[in-house]
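Good morning, and thank you for making time for this presentation. Please keep the sequence and the structure in view while I speak.

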Amino acid sequence: MDIFDKYAPLLERFQAATSGGKNPFGVCLEDIYSATEAKVDGRRTILLGTNNYLGLTFNEDCIAAATEMLKSHGTGTTGSRIANGSYAEHEALEKSIAEYLNRKSAIVFSTGYQANFGVIVGLAGPKDVIFLDADSHASIYDGCKLSGATLIRFRHNDTEDLDKRMSRFADFEGCKLVVTEGLYSMLGDTAPLKEFVEVKKKHGGWLLVDEAHSFGMYGDHGRGAAEHYGVEKDVDFVAGTFSKSLGAIGGFGASDHPMFDVLRFASRPYMFTASPSPASIASVHAALDCMRKDPSLRTRIWENARHLFQGLKDAGFEVISELSPIVAVRMPDEATAVAFWNRLLENGIYVNLAVPPGTPKGVCLMRCSVSSAHEARQIDDAIDAFVRTRSEVFSDEEVAATAS
C-alpha cells in the first residue's frame, strides 16, 4: 500500500473540481495592482474574495512602517520568543491591542490559526470540557482536539442546544469552556452572544469568542461582535487575526483574566513557533492606528456590503447570507458551482468557491467578501459579471427561473 492511498477519494474529488478549467484552490495572482485588483491569467481581475475587509494592504502608513522596520530590524526573528526573546515591538503591539480592546492583557501569535489554536490549547486540558459551535473554523476544532478536553458540539448558533448540553455536565468538576465565532465566514451570520453569555453564566462556564471576521467591522469602535452586542465584559477570552481587517499576518488572544499571560508558558503553539516578523508587527501596529482614527473605513465597507448584497438579490440570485461584508450566493450543486466559478473568473471577478465540507448544511457557494477599498463601479462590474456568467452557465430555463 502506498502511503498516499488514503487520499484517493480526496484526489478524485479534486480532479473533478479542476476538470472544468482552473484549480479553484490554487489561483495565482500574477501581479497585485491594489487592494481590490490583480492580474490573473493575464487579465485585470476584481478581487472579491480576499477578506481584505478594510483594504489596508496598500495603506501608505502601513507600508512605510513595515519598510522602516525591515531596514532597521531585519527580515525575521529566527525563533520563538521563549527561546530568542521578544522584540520591543512585539510587546508594544500587545499593549496597543489590549488598550484597543479594553483588556488587561493580550498575546500576539504568528498566525490567526495559531491564535485560536494556542489560546484553546492553553486554556483547556484533559480534565475540562469544551462546548463548541458545530460550524466553527478548523483552527478551533484542531485546538480543541490537541487540548485533550472532552469535546461537545452544539448546533450552530442554537442557544437551547448549548443550554441542554451544558446541563448534562452540572456535576462536572472540570472547567467548562464555550467557544464560538463572532461572525461566521461562510454565511456572514453572527453568534447570539447575549444569549450565549446567559447560558455560560447559568452553568458556570467560560466564553471564548473568535473575532477573526468581525474585528474592525462590528461595534462602534470596530472591536467586534461582542462590542456590537454590548457583552464585552462578559466575554472572558477573545481571539483574532491580523490577516483580514489589519491586512498583514499574525493573530492575538486577549483577556481580563489576571492569569492570562500564563499561556506564554503553557501553550505549545505559542512556545514553539517563530515569533512574527518585525515588518509584519509594524504594519499591524500602523493598521490598528488607522482603524482607530478612521471610522470611515467601517462606514464604507457597510455601504459596499449593502451595494453587493442588494444588487445580487435584485438580479435574482439566491443570496443566503445575512447582510454583512460576506455575501454568499447559493449554487444548485457542486458541478454547477465549479463551472460558475471558472466562468466568473474568466469574466474578471475572483470570488471563493466554497463547497462541502467547508460549508454548513452541504451548500455550494460563490462566497464574496467586500472591502472598504472597493469602488462603487467595481461592485457594479461584479454584479454585471454575475449576471453575464449566469447566462453562460445556466440553461435558458434556469436563467428565466432565477431572474424572474
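Let me begin with a definition: two residues are in contact, or touch, when heavy atoms of theirs lie within 4.5 Å. This is a predicted model, in which local features need pLDDT of at least 70 and side-chain atom pairs count only at pLDDT 80 or more, while totals for chains, interfaces and linings use all residues. Residues are numbered from 1 along each chain as its sequence is written, and side-chain values use heavy atoms, with hydrogens and water left out.

I turn to the domains. The domain assignment divides the chain into domain 1 (5–53 + 295–402) and domain 2 (60–293); such bounds come from an automatic or database domain assignment. Taken over C-alpha atoms, the centres of the two domains are separated by 28 Å. To their contact, domain 1 gives 22 residues and domain 2 gives 23 residues.

Next, the interior. Buried means under 20% relative accessible area, exposed means over 50%, and partly exposed is in between, with a 1.4 Å probe and protein chains only. A nonpolar core is a set of buried Ala, Val, Leu, Ile, Met, Phe, Trp, Tyr and Cys residues joined through side-chain atoms within 4.5 Å. In soluble globular proteins, nonpolar side chains tend to be buried together.

The largest nonpolar core here has 91 residues, and those with the most contacts inside it are Ile97, Phe131, Leu308, Leu312, Val351, Met366 and Phe386. Both domain 1 and domain 2 supply at least three residues each to this core. Apart from it lies another core, of 21 residues, including Ile107, Phe109, Val179 and Phe260.

What does Phe131 touch, not counting residues up to four places away in sequence? Its partners on that basis are Ile152, Phe154, Leu162, Arg165, Met166, Phe169, Lys176, Leu177, Val178 and Val179.

Now the helices. Helices (H or I, at least four residues) and strands (E, at least two) are DSSP runs, numbered from the N terminus. Helix axes are lines fitted to C-alpha atoms over the stretch in contact, and angles run from 0 to 180 degrees between N-to-C directions. Angles under 35 degrees count as roughly parallel, over 145 as roughly antiparallel, 65 to 115 as roughly perpendicular and the rest as oblique. A crossing is right-handed if the near helix is turned clockwise from the far one by less than a right angle, and left-handed if anticlockwise.

Helix H5 (residues 112–123) packs with helix H6 (residues 138–147) at an angle of about 30°, their axes being 8 Å apart. H5 and H6 are therefore roughly parallel to each other, and H5 passes H6 in a right-handed crossing. Among the residues that meet here are Phe117 and Ile120 in H5 and Ile140 and Leu146 in H6.

For helix H13 (residues 296–314) and helix H15 (residues 376–393), the packing angle is about 20° and the axes are 10 Å apart. This pair is therefore roughly parallel as well. On the H13 side the contact is made by Asn304, His307, Leu308, Gly311 and Leu312, and on the H15 side by Ala376, Ile379, Asp380, Ile383 and Phe386.

How is helix H14 placed relative to H15? The axes of H14 (residues 334–346) and H15 come within 9 Å and cross at roughly 125°, and the two helices are therefore oblique to each other. From H15, Phe386 takes part in this contact too, while H14 contributes residues including Phe340 and Leu344.

Some individual residues also deserve attention. Gly240, in strand E9 (residues 237–241), counts as buried at 3% relative accessibility. Gly240 touches Gly112, Ala115, Asp210, Ala212, Gly251 and Phe252, not counting residues up to four places away in sequence. Ser280, in helix H12 (residues 278–293), is buried at 9% relative accessibility.

I close with backbone geometry. Most residues other than glycine have a negative phi, and most peptide bonds are trans. Which residues does a cis peptide bond join? The bond is between Pro356 and Pro357, with omega about 5°. Pro357 lies in the loop between strand E13 (352–354) and strand E14 (364–369). Lys361 is found in the loop between E13 and E14; it has a positive phi of about 60° although it is not a glycine, and at 84% relative accessibility it counts as exposed. Asn102, with a positive phi near 60°, is partly exposed at 43%.
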